[in-house]
Amino acid sequence: MVSRSFVLAAIGVLFASVSAQNLVLNGDFEALSIGNSVPGTPKVEGGWIFENYCGVETNGNPGKSSRLESNGSTSFDPTASQTVSGLQIGETYTIAWDWKPRVNYSGSGTGRSFGVFLDDQTYAGALFFGERLVATYVRSSVSFTATSTSHTVIFAGELDNRTNGGAGNTDVSYNLDNVELSAVPEPTSLIGLAWGALALRFRKK
Ligand SMILES: [Ca+2]
């Protein structure tokens with residue numbers, strides 16, 4: 001006989017394994033080396049591409065983080081990007097991350113100095129624009145529907161109207177940590193799991 005608590009626990013394990021599979025490599029940056037890229041020479045490591053002075057440093061949540069910092073450049077933004085494969089077209093995925101301001105040289109912002117983009121760093125490719133001026137980590141997330149089996153997720157800081165962010169000129173850089181990209185379980189598949197578990201329970205009786 002299979003106990004009710006066992007069935008519920010099994011459903012819980014299945015749900016956790018479905019919802020928690022992180023498709024991003026080294027999302028906590030702990031296995032990467034400390035150091036920065038320079039414009040024209042990306043730092044490529046552990047699935048990530050860091051560009052325009054972006055790189056890896058401490059100040060993480062905890063440990064290491066990516067620094068979205070381009071030293072206030074007027075012509076480009078610091079970006080940390082990763083191409084994720086094995087996606088299912090039409091399926092919904094959630095990207096989640098921790099972020100905090102690294103250095104705010106502006107005093108006030110535009111409300112849009114941080115961005116998350118899909119495949120290209122344009123307004124059309126933007127999944128998320130935001131700004132954080134309080135120096136503590138916060139977790140944010142955004143969802144998208146895959147239109148290809150692979151997509152490139154791009155995190156950028158120091159966005160302003162000189163590049164592709166909000167109105168006004170600002171110089172707000174960020175730290176990024178604990179990046180996750182996972183499939184959102186469909187309600188129908190969860191119902192299927194529940195029915196399967198119930199059927200198992202009655203068959204064993
Ligand atoms: Ca970390």
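**A chat about the fold**

Visitor: Let's start in the middle of things. What does V153 touch, leaving out residues up to four places away in sequence?
Guide: V153 touches S81, Q82, V84, I95, V116, L118 and L181, with residues up to four places away in sequence left out. Keep in mind that this is a predicted model.

Visitor: Which residues have the most contacts inside the largest nonpolar core?
Guide: They are L68, A80, F117, V153, F155, A156 and L176. The core has 23 residues.

Visitor: And which strands each supply at least two residues of this core?
Guide: β3 (48–51), β7 (92–104), β8 (114–118), β11 and β12 (172–183) each do.

Visitor: Okay, step back. How many helices and strands are there in the protein chain?
Guide: There are 2 helices and 12 strands.

Visitor: How much of the chain counts as buried?
Guide: The chain has 205 residues, and 29% of them count as buried.

Visitor: What share of the contacts with a separation of 6 or more comes from residues 24 or more positions apart?
Guide: Such residues account for 69% of those contacts.

Visitor: Now the sheets. Where does β11 sit in its sheet order?
Guide: The order is β2-β3-β6-β11-β8-β9, so to read it, find β11 between β6 and β8. This open sheet has 6 strands, with antiparallel pairing. Its edge strands are β2 (43–45) and β9 (126–130), and each pairs on one side only. From one strand to the next, the twist averages 15°.

Visitor: How many bridges join β6 and β11?
Guide: Strand β6 (residues 79–84) and strand β11 (residues 151–156) pair over 6 bridges, in the antiparallel sense. S81, for instance, has I154 in β11 as its bridge partner.

Visitor: What is the strand order in the open sheet that contains β12?
Guide: That order is β1-β4-β5-β12-β7-β10. This sheet is also antiparallel in its pairing, with 6 strands.

Visitor: Why is one side of β1 left without a neighbour in the sheet?
Guide: Because β1 stands at an edge, with a single partner strand. β10 (138–145) stands at an edge too. β1 pairs with strand β4 (residues 55–57) over 2 bridges. In β4, V56 is the bridge partner of G35.

Visitor: New topic: G40. Where is G40?
Guide: G40 is in the loop between β1 (35–36) and β2.

Visitor: Is G40 buried or exposed?
Guide: G40 is exposed, because 7 other C-beta atoms lie within 10 Å, and a residue with 12 or fewer counts as exposed.

Note on methods:
Residues numbered from 1 in each chain as written. Predicted model: local features only at pLDDT ≥ 70, side-chain atom pairs only at ≥ 80, totals over all residues. Helix = DSSP H or I, 4+ residues; strand = E, 2+ residues; numbered from the N terminus. Buried ≥ 20, exposed ≤ 12 C-beta atoms within 10 Å, placed from the backbone. Contact = placed C-beta atoms within 7 Å. Axes fitted to C-alpha atoms, helices over the stretch in contact; angles between N-to-C directions. Core = buried A, V, L, I, M, F, W, Y, C linked by C-beta atoms within 7 Å.
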